[in-house]
Amino acid sequence: MVFSSLTFLFFFLPITLFIYYVSPKKMKNIVLLIVSLFFYAWGEPIYIALMIFSACVDYFHGLFIHKYRLKNRLKAKVVLISSLIVNIGILTFFKYADFLIDSVNVLLGTGMDPLHLSLPIGISFYTFQTMSYSIDIYRGQVLPQKNPIALALYVSLFPQLIAGPIVRYQTIAEELQRREWNPSQFSDGIKIFIIGLGKKVLLANNIGLLWNDIQNQSPTELSVLTAWLGIIAFSLQIYFDFSGYSDMAVGLGKMFGFNFPRNFHYPYISKSVTEFWRRWHISLGTWFRDYVYIPLGGSRKGKLLNYRNLFIVWGITGLWHGASWNFVLWGLYFGVLIAIEKAGWLNIIRKMNPVFQHAYLLFVILISWVLFVFEDFMAGLEYAKIMFGLSMNNLYDAQFLYYFYTHIVLLIILLIASTPALFTFRHTYISKQSKTIISFVEHVGIPSYYLWILLLSTAYLVDASYNPFLYFRF
Amino acid sequence: MSVVNKVICGIFLCFIFGIGVSNLVSKNMNFSEIENRVLSQMPQFTFDSFISGEFTDDFEVYLSDQFVWKKFWVGLNTDVERVTLKKENNGVFFGKEDYLLEGYDKPGEQLQKNINNILYFLNKAENITSYLMVAPTSVGIYNENLPLYAPSFSQKETLTYLEDQFNESIIYLDVYGVLLREKEEQIYFRTDHHWTSIGAYYAYEAAAKKMGFRPYRKDDFSVETVSNDFYGTLYSKASAYRIEPDEIEIFLPKFNLTYEVEYEVNDQSSNTLYEWDNLNKKDQYAVFLNGNHSLVKIKSSLHNGRKLVVIKDSYAHAFIPFLANHFEEIHVIDLRYYHLNIYEYLDTNEIDEVLFLYNLANFSQDKNMIWLKQ
Amino acid sequence: MKRILSLLVFIAILSLLVGCTEQSIDEKEKAPKVSLEEIATQIKEQIAEDMKANGAGEDVLVDGNLQSYIETDLKESEEDDPAVAILLEKMQLNKEEFNSGIVIAAMMNVNSDEIILLEASDEAHVDKLKESLERELEAQTHTWEQYLPDQYEKVKKNIITTKGNYLLYVTYEHPEKIKEVFNQNFE
């Protein structure tokens with residue numbers, strides 16, 4: 001099930017909230033576990049077995065790692081490795097099997113048949129979560145969870161199940177045991193959820209239609225500016241889609257008493273690639289930093305190793321996004337940029353005009369999305385050629401003008417929403433106004449703002465059969 | 001918790017619980033007139049259908065089909081789209097003067113296939129006199145009503161290409177010019193993808209000479225408005241609220257002629273070319289010849305020995321009432337539903353004239369002309 | 001303790017492998033050899049039953065001919081049956097790729113019912129045949145989406161399914177019934 005569906009909003013969520021809050025304290029975890037499994041089973045029931053299997057494996061591995069951790073380091077290590085093998089094995093098998101088969105076929109000229117397994121939803125997220133669980137126990141940062149239900153709940157907790165954020169066990173370890181009803185947390189959750197819903201349904205889906213249109217046109221008929229408009233549309237779509245989804249997850253978490261970390265923090269206002277990745281999909285970045293980059297030695301073992309580590313991390317970060325070579329390339333592209341920034345470029349641009357810094361960042365990000373969105377590398381190359389006027393296409397045409405003026409309102413809204421402008425406006429401008437105005441904004445403006453997002457999102461959901469969810473592939 | 005937060009919580013909870021419960025208690029509908037489609041019903045739960053994911057898919061469709069106050073939501077959506085300068089929905093443009101116009105895409109390979117299918121026919125049916133009429137759709141004529149810069153491929157270009165391809169192997173009935181000339185009149189519906197009676201009349205007038213008869217003049221008919229609340233297919237497709245409905249006019253002959261209409265499939269027969277009951281249904285265009293049938297035979301009281309087969313799409317429905325005044329028999333065949341051997345049919349019924357009548361959008365895309373290749 | 005540990009690791013890996021292989025066995029399961037004609041007959045009986053339930057006369061199914069439907073055998077028909085060539089071209093089917101094929105469709109009714117049965121000549125061709133069926137679905141969608149909502153509804157409910165080398169395409173009022181008839185042959 002996806003959050004941005006009528007079924008979730010008006011069927012699953014109210015029922016779940018109701019059952020959860022009327023059930024006695026002791027039962028709350030069980031209730032949440034059951035609804036989470038139901039949530040997962042909705043649409044793809046078979047793989048629920050896989051998730052339960054994964055939870056069982058991690059439960060036992062956790063206990064044993066802890067048992068040996070102090071007494072017998074080697075044994076603990078063996079169990080840890082076994083846990084990692086299982087998790088990575090599951091992920092590889094279900095997500096990368098065909099990719100590996102195809103790659104081997106191409107390299108060795110063999111003719112193995114691909115398996116055509118469908119990707120279990122959320123597998124990239126929950127396997128990463130459970131790996132962090134085992135590793136953290138091994139490192140002594142957390143104690144293993146003795147209660148299997150609580151652990152199963154950690155793995156399957158529905159708000160973050162499908163598209164993250166990747167929540168480390170230690171973040172919610174305490175909340176898994178004990179959650180206090182906290183009204184302000186609950187209302188925060190609702191607000192964050194509504195914002196996320198709006199981002200996904202009103203912004204991402206609508207700009208996605210534009211990208212869809214442009215992508216479906218034959219490349220020979222695209223004008224240069226249409227190509228740019230298209231990739232801008234895609235970058236806005238993917239940001240609002242993914243961050244909207246993360247917001248909904250965080251919001252839902254709060255409604256049920258969990259505090260998940262924030263996953264996006266206005267990435268498009270960054271001034272460098274390094275900063276961008278501190279603001280984009282934060283939970284994934286920190287995961288790779290803590291569990292891959294630093295264990296490899298990070299930047300402490302000399303320049304050469306540092307660069308090697310960067311490339312390893314970025315290669316697999318890319319691969320994590322999808323089982324295709326273009327994603328690897330996309331990751332390495334960022335690896336190269338970050339290496340260049342580390343090598344001194346960052347110090348140079350920091351002294352320059354901020355306008356230039358933003359322009360630089362947005363330019364390299366737009367190019368990265370071209371790599372990202374075209375699984376077929378040659379198609380991506382062709383698209384990039386059009387963008388840079390190397391394909392003899394027109395600079396602009398009627399099509400571009402049409403797209404531009406029919407989407408201008410949406411684009412302006414998107415641009416404003418990609419920055420903290422509204423937030424700043426409220427806290428610097430409005431707060432200086434007279435009391436009546438402030439009170440009007442706070443008591444009428446804000447609630448009606450949320451109400452309108454709800455109304456319009458519902459209207460768009462009812463109207464549209466168009467509700468694809470981009471991050472299902474990962 | 002501050003007052004504002006309480007209010008927001010209240011709004012949210014009332015919203016999801018309220019609408020959720022309303023959905024439960026509201027009655028299920030079978031058919032949506034406005035969307036012109038059957039609505040799905042609550043799927044039956046079985047273990048197998050749940051495991052395969054069919055149940056959940058069906059349930060989601062069911063919920064969005066039967067959602068409460070759907071008209072309100074869709075209306076709200078349309079209004080917001082208008083406010084944000086969106087000019088189309090589902091490939092239908094909101095044109096000027098309340099015109100809904102369906103864009104015409106550059107034709108692909110299907111156009112050539114269809115041309116070849118007809119060439120195949122011409123080759124095989126040697127002794128048959130064949131006519132071809134391909135009517136532009138409204139966007140081809142009212143191009144200037146499209147929103148600024150809206151993309152639509154030139155229909156004139158395709159029509160010229162068509163004519164060239166046949167290279168006089170068929171009697172080509174050009175109607176583009178005459179429709180363009182008469183565009184001041186309401187020759188197309190604003191909310192439907194068909195032409196109107198008057199549009200069909202001009203086409204008939206233009207085709208008459210090449211088809212070898214003298215057309216009746218407009219005064220020979222009494223024009224009657226039979227509906228003023230017609231919302232057509234484009235209206236449904238674009239969910240275009242706040243647009244005025246169309247009128248349907250019908251040309252009834254003042255001269256004396258009777259018809260016998262036989263709908264082959266269910267052996268219905270009738271003595272009129274119009275099926276008035278359909279004016280009370282959603283698809284009022286079906287008033288002409290009772291909508292889509294695979295085979296319709298029309299016998300007129302005329303005795304000139306001329307027999308014609310019309311191979312067509314629904315543009316023919318408004319056109320045939322004029323044509324019927326010049327032929328003893330007209331057999332109307334729709335290749336979408338009629339898959340039998342056409343050559344045998346011509347043979348057994350001793351027919352030696354065939355008219356192909358399509359609108360250009362269909363002619364560029366329809367995949368059923370392959371049934372000519374018997 | 002060591003033993004328990006190694007046992008556990010072993011079980012974990014084993015169960016993973018078993019889980020995977022089971023999955024792949026499922027996927028690759030070879031269907032037993034069944035006769036397409038046999039299935040077609042059963043399907044026709046099912047349709048006849050439904051027609052009778054809807055008030056049709058007793059004579060809807062006579063000598064294997066279903067009233068108002070036409071059955072085309074894509075392989076066995078006489079050479080000059082043009083319907084075969086048309087169907088092959090329409091779906092872009094290659095005669096080499098299937099051993100037998102049967103199409104049951106309404107031939108001159110305003111009725112979107114269409115049932116196609118195919119047996120691939122080789123497992124490798126199943127995907128290609130499936131593409132052909134999807135092409136047919138696209139064509140049907142295009143034909144029916146414009147008017148006649150009740151007929152289009154059937155097209156929307158279309159089912160394409162495979163069992164080993166056998167493929168089934170159903171556009172019908174109750175596609176699941178036909179699918180069940182089809183599946184029963186492989187149990």
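A contact means heavy atoms within 4.5 Å.

**Before you start.** This is a predicted model, where local features need pLDDT of at least 70 and side-chain atom pairs count only at pLDDT 80 or more, while totals for chains, interfaces and linings use all residues. Residues are numbered from 1 along each chain as its sequence is written, chains are lettered from A and ligands numbered from 1 in the order in which they are written, and side-chain values use heavy atoms, with hydrogens and water left out.

Stop 1: Select chain B and zoom out. Its C-alpha atoms fill a box of roughly 90 × 50 × 45 Å along the principal axes. Now colour residues 3–68, domain 1, and residues 98–372, domain 2; these bounds come from an automatic or database domain assignment. The C-alpha centres of the two domains lie 41 Å apart. In cartoon view you can look for 13 helices and 15 strands, which are DSSP runs numbered from the N terminus (helices: H or I, at least four residues; strands: E, at least two).

**Stop 2: helix α4.** Select residues 70–83 of chain B, and find B:Asn77 in this helix. Is B:Asn77 buried or exposed? It is buried, with a relative accessible area of 2%. Buried means under 20% relative accessible area, exposed over 50%, and partly exposed in between, using a 1.4 Å probe and protein chains only. Show chain A as well: leaving aside residues up to four places away in sequence, B:Asn77 touches A:Ala459, A:Tyr460 and A:Asp463.

**Stop 3: the open sheet.** Next, show the eight strands in the order β7-β6-β15-β13-β14-β12-β10-β11 of chain B, a sheet with mixed pairing. Two strands pair if DSSP finds at least two bridges between them. At the edges are β7 (171–172) and β11 (268–270) of chain B, each with a single partner strand, so one side of each has no neighbour in the sheet.

**Stop 4: strand β15.** Select residues 353–359 of chain B, where seven of seven residues are buried. B:Glu353, B:Leu355, B:Leu357 and B:Asn359 point one way, and B:Val354, B:Phe356 and B:Tyr358 the other. Which strand does β15(B) join through seven bridges? That is β6 (129–135) of chain B, running parallel, and there B:Ala135 has B:Asn359 as its bridge partner. Strand β13 (307–312) of chain B also runs parallel to β15(B), with five bridges; look for B:Val309 with B:Val354.

**Last stop: an antiparallel pair.** Select β12 (295–300) and β14 (329–333) of chain B, which pair in the antiparallel sense over five bridges. Here B:Lys299 stands opposite B:Glu329.
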